[in-house]
Amino acid sequence: MSKEGFIKLSEAELIKKIAKREKIECYLKVLGGAALIIGLVGAIIFKLVGIEVLMTLFLLLCCSGLVAVFLGVVQADKTRSLVNEQMGNFYEAELKKAFGPRLRTSEMSINSQLTKKLRPIDENWNECDVWRFYEGNYHGTTSLPLM
């Protein structure tokens, strides 16, 4: 994995970073969810009572709660990408051990002509969708998508 600024962390540093990010994620989601619920309930109550100023304040609280929940989800994605970045070489080695080396040759191109020639399904189909990755299956274990 060659990214600019990529620094391989030690196991202790990685665990510390993951724990910190998960803690932040949890706080953001819990506080955001509480603010979302309180803000929504308060806005409905003050709308029914007819106090528009307080209704607006509670709607702002509701919106800030929604932003906090969103930031918690973003934090979870950052944690996941940190783990994938740090463990990428391990994942690659395990895939290589299970499925062999990645073979990227022009002869191995999977396209609609090849699938129609091989006919993996006896039925005729009207369209064939070829996407950006390959998947493998080894003794009932499906590999991660290989980019």
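This is a predicted model: local features need pLDDT of at least 70, side-chain atom pairs count only at pLDDT 80 or more; totals for chains, interfaces and linings use all residues.
Visitor: Which residues are buried in H1?
Guide: The buried ones are Leu14, Ile18, Glu25, Gly32, Ala35, Gly39, Gly42, Ala43 and Phe46. Buried here means under 20% relative accessible area, exposed means over 50%, and partly exposed lies in between (1.4 Å probe, protein chains only).

Visitor: What do the buried residues of H1 pack against?
Guide: They pack against H2. Contact means heavy atoms within 4.5 Å.

Visitor: And Gln75, where is that found?
Guide: Gln75 is in helix H2. With 14% relative accessibility, Gln75 counts as buried. Apart from neighbours within four places in sequence, Gln75 is in contact with Arg21, Ile24 and Glu25.

Visitor: Back to Glu25. Which residue forms a salt bridge with it?
Guide: Lys29 does, with the closest N and O atoms 2.9 Å apart. A salt bridge is a side-chain nitrogen of Lys or Arg within 4 Å of a carboxyl oxygen of Asp or Glu.

Visitor: How many residues apart are Lys29 and Glu25?
Guide: Four, both in helix H1 (residues 11–49), so about one helical turn separates them. Glu25 is buried at a relative accessible area of 16%, whereas Lys29 is partly exposed at 33%.

Visitor: Is Lys97 buried or exposed?
Guide: Lys97 is exposed, with a relative accessible area of 64%. Glu94 counts as partly exposed at 34%.

Visitor: What does Lys47 pair with?
Guide: Lys47 forms a salt bridge with Glu52, and their closest N and O atoms are 4.0 Å apart. Lys47 is partly exposed at 48%, and Glu52 is partly exposed at 39%.

Visitor: What follows H1?
Guide: Gly50, whose phi is positive, near 100°.

Visitor: How far apart are the end C-alpha atoms of H1?
Guide: They are 56 Å apart, which agrees with the 57 Å that 39 residues should span at 1.5 Å a residue. The expected span is 1.5 Å times one less than the number of residues in the helix.

Visitor: New topic. Which residues make the nonpolar surface patch?
Guide: Ile37, Val41, Ile45, Val49, Ile51, Val53, Leu54, Leu57 and Leu60 make a patch of about 810 Å². Patches are made of residues with over 30% relative accessible area and no salt bridge: like charges are joined within 9 Å, nonpolar side chains (Val, Leu, Ile, Met, Phe, Trp, Tyr) within 5 Å. H1 and H2 each supply at least two of the patch residues. Leu57, in helix H2, is partly exposed with a relative accessible area of 48%.

Visitor: What about Ser10, where does it lie?
Guide: Ser10 is in the segment before H1 and counts as partly exposed at 36% relative accessibility. Ser10 and Gln86 are 76 residues apart in sequence, and their C-alpha atoms are 9.3 Å apart in space.

Visitor: Now the chain as a whole. What pattern does it follow?
Guide: Along the sequence the pattern is α-α-α-β-β, that is, three helices and two strands. Of the 147 residues, 18% are buried. Among contacts with a separation of 6 or more, 59% come from residues 24 or more positions apart.

Visitor: What does the accessible surface come to?
Guide: About 11800 Å², of which 64% belongs to carbon and sulfur atoms. Accessible areas come from the Shrake-Rupley method with a 1.4 Å probe, and for residues only the protein chains shown count as cover.

Methods
Residues are numbered from 1 along each chain as its sequence is written. Side-chain values use heavy atoms; hydrogens and water are left out.
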